[in-house]
Amino acid sequence: MLLFPGPVHLLGIWMITALPLSLSSPSCRKDEDCSFNGACTDGGCDCFTGWTGVYCHQLDLLPASNGSGFNLLHRPPNGKPTSTWGGSVIYKNETGMYHMFASEISQSCGIHRWTTNSFVVHAVSKGEKDDWRFEKVGDPVLPIFSHEPIVTEAPDGTLALFVTFYPNGSVADCPTCTCSDGTSASGGSSCNVECGCGVNKTMFSYFTTSKSPYGPWSPLQSLCATQVSGFGNGTCEQANHPRLSPQIDLNLAPVILPNGTLLAWTRWDIWRSDDWRDPIKYEDIGQAPDFNTDPPTPWEGEDPSMWIDSRFNEINSHLFCLKIANLRI
């Protein structure tokens, strides 16, 4: 199997770590110099739609209005400022809505209490018609503890929601805090710290499916075997390798390809599956190297988001943007 037939190029999201050419020279000599987001034409980058900048390294965004998005801190439900984390969005033609799945932190606490207070909610927006404001709808999709939802769509229109989940409430051993203003500190000094995963508790990745963003959602299916042993038909028992620990959330970010196969990125590794519906067929195929170093070195990318455009499979994380050209799985 050939995963990376050509170089993989990493760019910093917030600043370019190494510019391809000096500012006094032409901005590009080849398309690679345009961050794979444009074509090099006569020494200059002609950026594709959605990208801008000398090297097509910046997202071309319209101005955002204050209060847009899923803003429960400044537009709190029941008058209680509420923090959220992340937000995976998909558009469904049949509803005319953008559907977001996000982590809500209960009891008006902040992200420090994610291991004790996080659960998954559903919010909707008509997009520009709603000034891109998302409003929460329905009951929680998943209870405490559930975190880091990522939604993707299969070729037949089925929605697959991937999450970090623990079935017995808080995944931490410390108590659940009650806060007041959306920050953890408002619950007291002991609440303003992260607890981590508790003894004999797990942060396994799961997925659930639905034909509608409003549900009903299928019973959760665990990906613990791939997380711990590297293979879907392996064991879910404790591993001795930090990258395969059942007590570290993977930040699993998948896409389902038109042929029903799956490609995903975790904090460290690339996963694949011949059949996205079958947990046994998931496998961890190892770390993606950073080809900007010599020799290439493995790297970590926290909280990735992955998508496919017309040219590349693209992955963004807190740290890097990864573009995989001509990907085969």
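Predicted model: local features only at pLDDT ≥ 70, side-chain atom pairs only at ≥ 80, totals over all residues.
Which residue in β7 does S88 stand opposite? Residues are numbered from 1 along each chain as its sequence is written, and side-chain values use heavy atoms, with hydrogens and water left out.

S88 and F101 stand opposite each other in two strands, β6 and β7 (residues 97-105), which run antiparallel and are joined by seven bridges. Strands, like helices, are DSSP runs numbered from the N terminus, and a strand (E) needs at least two residues while a helix (H or I) needs at least four. Two strands are said to pair if DSSP finds at least two bridges between them. With these terms in hand, the reader can follow an open sheet of four strands in the order β6-β7-β8-β9, where the pairing is antiparallel. At its edges are β6 (84-92) and β9 (135-142), each of which pairs on one side only. From one strand to the next the twist averages 25 degrees, an angle taken between N-to-C directions on a scale from 0 to 180 degrees, with axes that are lines fitted to C-alpha atoms (for helices over the stretch in contact).

We turn next to the disulfides. A disulfide is a pair of cysteine sulfur atoms within 2.5 Å, and by this rule the count comes to seven. One of them joins C109 to C179, with an S to S distance of 2.1 Å, and the torsion about its S-S bond is about 85 degrees, so this disulfide is right-handed. Because C109 lies in the loop between β7 and α1 (114-117) and C179 in the loop between β11 (159-165) and β12 (204-210), the pair ties together parts that are 70 residues apart in sequence. Both C109 and C179 are buried, a word that here means under 20% relative accessible area, whereas exposed means over 50% and partly exposed lies in between (1.4 Å probe, protein chains only).

Another disulfide is formed by C174 and C195, whose sulfur atoms are 1.7 Å apart; with 110 degrees about the S-S bond, this link is right-handed. C174 and C195 are each in the loop between β11 and β12, 21 residues apart. C174 counts as partly exposed at 22% relative accessibility, and C195 is partly exposed as well, with a relative accessible area of 30%.

A further disulfide joins C47 to C56, with an S to S distance of 2.1 Å. Its torsion about the S-S bond is about -95 degrees, so the disulfide of C47 and C56 is left-handed. C47 is partly exposed, with a relative accessible area of 23%, while C56 counts as buried at 0% relative accessibility.

The backbone itself also deserves attention. Most residues other than glycine have a negative phi, and most peptide bonds are trans. C56, found in the loop between β4 (51-52) and β5 (58-59), has a positive phi of about 55 degrees although it is not a glycine. W132 likewise is not a glycine and has a positive phi, of about 60 degrees; W132 lies in the loop between β8 (118-125) and β9 and counts as partly exposed at 39% relative accessibility.

Cis peptide bonds complete the tour. One joins I144 and F145, with omega about 5 degrees, and F145 is found in the loop between β9 and β10 (146-153). The peptide bond from G215 to P216 is cis too, with omega near 0 degrees, and P216 lies in the loop between β12 and β13 (221-222).
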